[in-house]
Amino acid sequence: MSWLDKFTGAKSPPAASEGDRAQEAASARGAQWESALKADRPPDFVIDRLRAVGSGKTPWVATMTPVELHLARSHGLRPLSTVSGTCWYRFGWSLTEGRKWTEGHAAGWAAALDRIRQEAIAAGANAVVDVQMRTIRQGLGDSMDFTLVGTAVKIEGLPPSPDPVIATVPALEFVRLVESGIVPVGLAVGASFDTLDGLYFQQPNVFMGNLPLTTLGQFWERVRRNAHARLRESAAAQGGSVLAHVQFGQLLARERDKQPPIYLGRHIVIGTVVDTPAGEGVKGDIHTVVDMRDGASPLTMGTPSRHSAYGEFHEHEGAI
Amino acid sequence: MADAAAIPEHALERLKGLRGEGRPGGIFTSDFSVNEFLLVRKAGFEPIGLCVGSCIYHLGFQMAGWTASQEMTVLSQAMYEARELAMSRMRSEASDMGADGVVGVRLTVKRMEWDSKVLEFVAIGTGIVHAKGHQGFKGPAGQAFTSDLSGQDFWTLLHAGYRPLELVMGSCVYHVAHQSVMKGLANTGRNVELTNFSQALYDAREIAMERMQQEAAQAGAEGVVGVDLHEGSHNWAPHIIEFFAVGTAVIPITTELDADAIPDPMLVLSVNS
């Protein structure tokens with residue numbers, strides 16, 4: 001076989017049958033994925049793998065660190081498998097460009113959340129911990145992937161749950177929360193988009209002195225309030241409150257000829273939903289410690305952000 | 001705590017997949033981290049909701065003499081008024097919710113890409129209430145207190161015998177004089193202090209701090225904790241600097257605690273590097 005054959009597609013007979021088999025297997029897998037995504041459930045081979053892990057036939061897989069494994073095991077948690085949910089979502093086109101983009105974020109995360117939950121059910125889990133929101137920035141036109149990855153766990157002595165909780169906190173924090181009667185149950189998303197047209201007055205100009213731009217300010221406040229209202233609705237639907245927000249907001253001005261610009265505002269808030277009765281106490285004493293180490297101390301190093309999906313949007317924002 | 005029995009009953013129920021009837025009226029949203037939430041609860045408070053206030057502000061214009069070290073009063077006022085508007089809107093959201101106070105307040109300034117004279121000021125924090133309805137934690141004049149302390153720092157502050165009153169701030173935008181050409185020539189090759197620069201920085205910082213202290217005195221505070229003295233330029237000419245002082249005004253909870261009554265932190269040496 002000459003090196004040129006690689007490009008012309010000419011193959012020698014034995015390689016051809018091997019290649020064909022691989023190709024067949026790949027397309028069969030592809031077809032399974034396609035029908036599974038259409039039917040809104042994981043493909044059979046994923047379910048089989050998760051069931052095998054769930055019944056202890058194959059080794060468990062966990063994103064936990066050894067410390068987390070130690071704490072999880074001492075509290076009766078058993079890791080099962082890494083589970084994930086992905087939805088690559090293309091934003092539709094709308095007259096007021098941006099509305100579909102903004103609202104698509106809520107839809108994209110909701111789909112990913114549903115998929116990771118189905119995988120957890122297949123593994124016979126009670127909870128998924130250490131769930132991280134991720135996205136690959138490929139910039140493929142008007143689309144974005146919404147991915148959730150986490151570790152499915154079961155709690156000794158409990159039957160598999162038909163509705164496993166999706167906890168966006170690491171195993172270490174999950175145990176601490178559950179002990180205090182706080183159950184992280186899922187993700188809540190609130191997204192809002194609006195436009196402001198015809199702002200003839202209060203159009204910023206060079207002769208203007210110090211002045212709060214109230215019309216624009218109220219418009220922007222309304223966008224944000226709507227996003228937060230939707231966040232609360234989304235949390236209430238899951239029976240909980242929201243902790244640990246990440247938020248992303250943009251107020252843009254689109255210039256037009258001989259007219260004031262149109263202002264576009266969008267705001268997305270995402271947080272962890274926790275289910276807890278009001279006034280539940282926190283057990284145990286808290287001791288204050290001072291680390292006597294100079295330089296970087298493991299006690300004073302910050303924990304990295306849990307969600308990478310919206311991190312880079314804050315580049316123009318400064319502290320005070 | 002080595003078994004699942006340490007988990008409260010209602011948490012176990014949820015992990016079995018049984019959903020409760022929800023918690024009507026008991027839903028809050030907060031940007032607290034897990035640890036902050038636990039410590040605020042430990043301190044005897046419950047979050048009730050996120051409080052946000054914002055203000056989109058157009059900054060006026062002011063000329064400064066090339067060789068004059070002076071405060072840019074127009075900009076000082078703008079920066080202060082805009083923050084104060086954002087803060088007061090946040091406070092009114094808090095009192096609408098019936099909060100005793102707002103902790104974890106963050107003030108941010110965002111530049112708008114489409115107009116360099118327009119800045120967005122945001123004040124954001126979590127409204128909290130005392131879990132047993134104690135009314136003694138409110139701020140000045142029965143209003144909600146405000147504080148930029150995190151949930152962790154809030155717990156620690158209460159244990160030191162203080163309670164937060166108000167987030168206090170002072171701002172001073174200052175034009176630092178350019179050196180005259182003659183002075184520059186005279187200094188060529190010599191080690192000298194640039195006294196006009198020293199004096200300008202000193203003065204601006206001093207003004208910002210005085211203003212913050214003045215606010216604390218008005219709030220009836222005993223002191224100001226966690227002060228951050230911040231220098232920044234919001235896309236202004238290179239010789240214009242804002243000095244911004246911000247901190248939490250505090251007062252003893254009842255009377256000042258005896259030093260013996262405050263638990264010492266444990267000294268540890270972490271060896272896992």
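**Entry 1: ground rules**

I start with a definition: two strands pair if DSSP finds at least two bridges between them. Helices (H or I, at least four residues) and strands (E, at least two) are DSSP runs, which I number from the N terminus. I note that residues are numbered from 1 along each chain as its sequence is written, while chains are lettered from A and ligands numbered from 1 in the order in which they are written. This is a predicted model, where local features need pLDDT of at least 70, side-chain atom pairs count only at pLDDT 80 or more, and totals for chains, interfaces and linings use all residues.

**Entry 2**

I looked up strand 2 (residues 127-134) of chain A and strand 3 (residues 143-155) of chain A, which pair in the antiparallel sense over six bridges. Within this pair, Q132(A) has V149(A) of strand 3 as its bridge partner. On to strand 4 of chain A: two bridges join it to strand 2 of chain A, and these two run parallel. There, A127(A) stands opposite V165(A).

I then checked the whole sheet, which is open, with four strands in the order 1-3-2-4 and mixed pairing. Strand 1 (77-90) and strand 4 (165-166) of chain A are its edge strands, each pairing on one side only.

**Entry 2: one residue, V169(A)**

I picked V169(A), in the loop between strand 4 and helix 6 of chain A. Why does V169(A) count as buried? Because 23 C-beta neighbours lie inside 10 Å. I listed what V169(A) touches, leaving out residues up to four places away in sequence: V129(A), F174(A), L177(A), P184(A), T272(A) and V34(B). Contact here requires C-beta atoms, placed from the backbone, to lie within 7 Å. I also looked at L231(A), 62 residues from V169(A) along the chain; their C-alpha atoms are separated by 19 Å.

**Entry 3: a three-stranded sheet in chain A**

Next I found an open sheet of three strands in the order 5-8-7 of chain A, with antiparallel pairing. Its edge strands, strand 5 and strand 7 of chain A, each pair on one side only. From one strand to the next, the twist averages 10°. Strand 5 and strand 8 of chain A pair over 13 bridges, and P184(A) has V274(A) in strand 8 as its bridge partner.

Which helices pack on this sheet? Helix 5 (residues 99-122) of chain A does, touching strand 5 and strand 8 of chain A, and its direction makes about 165° with that of strand 5. Helix 7 of chain A packs on the sheet too, touching strand 5, strand 7 and strand 8, with about 150° to the direction of strand 5. For these angles, axes are lines fitted to C-alpha atoms (for helices over the stretch in contact), and values run from 0 to 180 degrees between N-to-C directions.

**Entry 4: where the chains meet**

I looked up the interface: 71 residues of chain A are in contact with 71 residues of chain B. On the chain A side, helix 7 gives the largest share, ten residues. I also found three bridges joining strand 9 of chain A to strand 9 (residues 266-268) of chain B, which run parallel. One bridge partner there is V268(B), for D291(A).

**Entry 5: confidence**

Chain B has a mean of 85, and 95% of its residues reach 70 or more. Over residues 1-5 of chain B, pLDDT stays under 50. For the complex, the predictor gives an ipTM of 0.75 and a pTM of 0.78.

Technical notes: Two residues are in contact if their C-beta atoms, placed from the backbone, lie within 7 Å. pLDDT is the predictor's confidence in each residue, from 0 to 100. A residue is buried if 20 or more other C-beta atoms lie within 10 Å of its own, exposed if 12 or fewer, and partly exposed in between; C-beta atoms are placed from the backbone.
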